Amino acid sequence: MEVLLRLLLPRFVRRLWTSGSVGRNKELVDRLQQYGIIKSKRVKEVMEAIDRGHFVPPGSTPYVDSPMAIGYNATISAPHMHAACLELLADHLQPGMKALDVGSGTGYLTACFAMMVGPEGLAVGVEHIPELVEFSTNNIRNSAAASFLNEGSLSLNVGDGRLGWPEQAPYDAIHVGAAAHEIPQMLIDQLKPGGRLVIPVGSVFQDLQVVDKNMDGSVNIRTEASVRYVPLTSKAAQLHNH
């Protein structure tokens with residue numbers, strides 16, 4: 001599930017971006033670069049290529065820097081958080097690498113991952129709401145990442161993301177789009193030595209944590225930012241908004 005995320009941005013920047021002043025995908029990406037959220041050429045190029053407008057429900061305002069409801073008590077994250085997570089994972093999304101997107105929602109980040117790892121790599125999305133998997137599949141078919149879906153280097157799957165997707169493990173990059181009470185061991189187990197996991201952790205107060213797995217299997221964990229996500233939970237609990 002895509003969720004509500006937030007970085008500690010200057011208040012005036014948040015006010016500017018949520019005012020509706022950004023009307024097109026490239027303008028949005030340019031602003032994210034201007035304010036230092038997008039730092040690398042690769043992330044800028046992939047966010048320009050994957051048009052956010054293909055990944056929000058009809059009637060939404062896709063180019064405003066704000067999370068948006070996508071149904072089923074889920075949201076698509078604000079663009080600045082997509083950018084921040086792509087930057088954190090960029091070195092682990094090189095051509096030929098494998099990436100897992102837990103809570104893939106509308107498919108936006110999974111599509112970005114596929115563009116970055118290329119046809120020789122693999123991008124896997126896991127989402128426990130079947131209707132969102134269907135929605136995300138259609139979204140990607142209408143996007144610049146359509147060929148990766150058709151050729152099999154991008155897959156979208158119905159499943160409990162707390163368990164990861166062991167069929168394709170290990171992964172160079174894992175992104176989790178909901179807050180866990182603690183980092184699931186199964187996700188650490190599915191992370192390749194040298195790989196990186198980005199996951200929000202906490203309940204009322206949450207931190208975006210970056211987990212790097214060393215070559216000997218040990219992990220280093222650091223906090224990147226304070227954030228606010230919906231909980232990483234079961235399908236039933238999510239649908240009942242528990």
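Trainee: In which sense do strand 6 and strand 7 pair, and over how many bridges?

Mentor: Strands of a sheet pair through backbone hydrogen bonds, either parallel or antiparallel. Two strands count as paired if DSSP finds at least two bridges between them. Here strand 6 and strand 7 pair in the parallel sense, over four bridges; Tyr 171 stands opposite Leu 191 in strand 7. Please note that this is a predicted model, in which local features need pLDDT of at least 70 and side-chain atom pairs count only at pLDDT 80 or more, while totals for chains, interfaces and linings use all residues. Residues are numbered from 1 along each chain as its sequence is written, and side-chain values use heavy atoms, with hydrogens and water left out.

Trainee: How are the helices and strands themselves assigned, and how many are there?

Mentor: Helices (H or I, at least four residues) and strands (E, at least two) are DSSP runs, numbered from the N terminus. The protein has nine of each.

Trainee: Which strands form the open sheet, and in what order?

Mentor: Seven strands form it, in the order 5-4-3-6-7-8-9, with mixed pairing. Strand 5 (154–158) and strand 9 (219–227) have a single partner strand each, so one side of each is left without a neighbour in the sheet. Neighbouring strands are turned by 15° against each other on average, direction ignored; such angles run from 0 to 180 degrees between N-to-C directions, with axes fitted to C-alpha atoms, for helices over the stretch in contact.

Trainee: Is strand 6 mostly covered or mostly open?

Mentor: A residue is buried under 20% relative accessible area, exposed over 50%, and partly exposed in between (1.4 Å probe, protein chains only). Strand 6 is mostly covered, with six of its six residues buried. Across the protein, buried residues make up 55% of the 242 residues.

Trainee: Which strands does helix 5 lie across?

Mentor: Contact means heavy atoms within 4.5 Å. Helix 5 lies across strand 3 (98–102), strand 4 (122–127), strand 5 and strand 6, and runs at about 170° to strand 4. Helix 4 (residues 79–89) lies across strand 6 (171–176), strand 7, strand 8 and strand 9, at about 150° to strand 7. Nine of the ten residues of helix 5 (residues 108–117) are buried, among them Tyr 108, Phe 113 and Met 116. Just after helix 5, Gly 118 takes a positive phi of about 75°.

Trainee: How many residues has the largest nonpolar core?

Mentor: A nonpolar core is a set of buried Ala, Val, Leu, Ile, Met, Phe, Trp, Tyr and Cys residues joined through side-chain atoms within 4.5 Å. The largest one has 50 residues, and those with the most contacts inside it are Met 47, Leu 86, Leu 93 and Leu 154. Helix 5 supplies its largest share, eight residues. A second, separate core of 20 residues includes Ala 180, Leu 187, Leu 197 and Ile 199.

Trainee: Is Gln 206 buried or exposed?

Mentor: Gln 206 belongs to strand 8 (residues 206–213) and is buried, because its relative accessible area is 4%. Its side chain reaches the backbone oxygen of Ser 203 at 2.8 Å. This is judged as a polar contact (a pair of N or O atoms within 3.5 Å; within protein, one must be able to donate a hydrogen and the other to accept it, and residues adjacent in sequence count only if both atoms are side-chain atoms).

Trainee: Which backbone values deserve attention?

Mentor: Most residues other than glycine have a negative phi, and most peptide bonds are trans. In the loop between strand 1 (68–71) and strand 2 (74–76), Tyr 72 has a positive phi near 60°. Asn 73 lies in the loop between strand 1 and strand 2 and has a positive phi near 55°. Tyr 72 counts as partly exposed at 36% relative accessibility, and Asn 73 counts as partly exposed at 35%. The peptide bond from Ala 169 to Pro 170 is cis, with omega near 5°; Pro 170 is found in the loop between strand 5 and strand 6.
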